[in-house]
Amino acid sequence: MTQPRRITDPEVLKGLSHPLRQRLFRLLTQLGPSTTTILAAHLDGADPGQVSYHLRELGKRGFIEEAPELARDRRERWWRVPQESFSWSEADFRTPEGKAVADTAFAQTVQDQFERLEAYVTRKAEWSPEWQGAATTTNSHLRLTPEELRGLSEELNVVMRKWAEVGRRDPSIRPDEQPADGRERVFLFLHAFPEKA
């Protein structure tokens, strides 16, 4: 298991502080390699020029990369999420500008996470009983020190990376050529924070 790339540069993190860029990144993780046209079709009539611009911005910051081997001709431009994962912490952004970027990116991330949960709840009946039974929600109330919470987070991240490797697919496979192995994309998100009663 490889360690995630750690982002500490506010200029890099700016790539995820824009809502459309976060949505494009999410779509690429869900769909697999895609073109601007494919992605724009999933964004309810988004301007392909704007989509292309934001894809290039994500690419400049290393969140996505081109997949030229998938192009059928020189005009077709495919994008994918690299195999490498990334992480960032608000604690690494201490300047006023860095803090503003980190706050914006975090707020966008949390909003996206809960929108995705709400979308699943709204459309849960479209999934088979097996998938509905496998989906889970949990919460816990723990008493921990900051060091213990960091340790818990590190352990959970190791487990998540292990399961991400199990389901990793070949990045050169086109979205319409995915093997029928019964796997679906599963979204897992976790927040752990101190709370006062």
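Biologist: Which residues of α2 meet which residues of α5?

Modeller: Pro19, Gln22, Arg26 and Gln30 in α2 meet Ala105, Gln108, Thr109, Asp112 and Arg116 in α5. Contact here means heavy atoms within 4.5 Å. The residues of this contact divide into 2 nonpolar, 4 polar and 3 charged. In that count, Ala, Val, Leu, Ile, Met, Phe, Trp, Tyr, Cys and Pro are nonpolar, Asp, Glu, Lys and Arg are charged, and the others, Gly among them, are polar.

The model is a predicted one, in which local features need pLDDT of at least 70 and side-chain atom pairs count only at pLDDT 80 or more, while totals for chains, interfaces and linings use all residues. Residues are numbered from 1 along each chain as its sequence is written, and side-chain values use heavy atoms, with hydrogens and water left out.

Biologist: What makes α2 and α5 oblique to each other?

Modeller: Helix α2 (residues 19-31) and helix α5 (residues 96-123) pack at an angle of about 50°, and their axes are 10 Å apart. Angles under 35 degrees count as roughly parallel, over 145 as roughly antiparallel, 65 to 115 as roughly perpendicular and the rest as oblique. The pair is therefore oblique.

Biologist: How do you know that the end-to-end span of α2 agrees with its number of residues?

Modeller: The expected span is 1.5 Å times one less than the number of residues. For the 13 residues of α2 that should be 18 Å, and the end C-alpha atoms are 18 Å apart, so the two agree. For α5, the 28 residues should span 40 Å, and its end C-alpha atoms are 41 Å apart, which agrees.

Biologist: Why is His54 called buried?

Modeller: Buried means under 20% relative accessible area, exposed over 50%, and partly exposed in between, with a 1.4 Å probe and protein chains only. His54 has a relative accessible area of 5%, so His54 is buried. This residue lies in helix α4. Leaving aside neighbours within four places in sequence, His54 is in contact with His18, Leu20, Arg21 and Leu24.

Biologist: Which residues are buried in α2, and what covers them?

Modeller: The buried residues of α2 include Leu20, Arg21, Leu24 and Phe25. Their cover includes β2 (34-35), α3 (36-41), α4 (48-60), β4 (78-80), β5 (86-88) and α5.

Biologist: What do the buried residues of α5 pack against?

Modeller: They pack against α1 (10-13), α2 and β5. Among these buried residues of α5 are Gly98, Val101 and Ala102.

Technical notes. Axes fitted to C-alpha atoms, helices over the stretch in contact; angles between N-to-C directions. Helix = DSSP H or I, 4+ residues; strand = E, 2+ residues; numbered from the N terminus.
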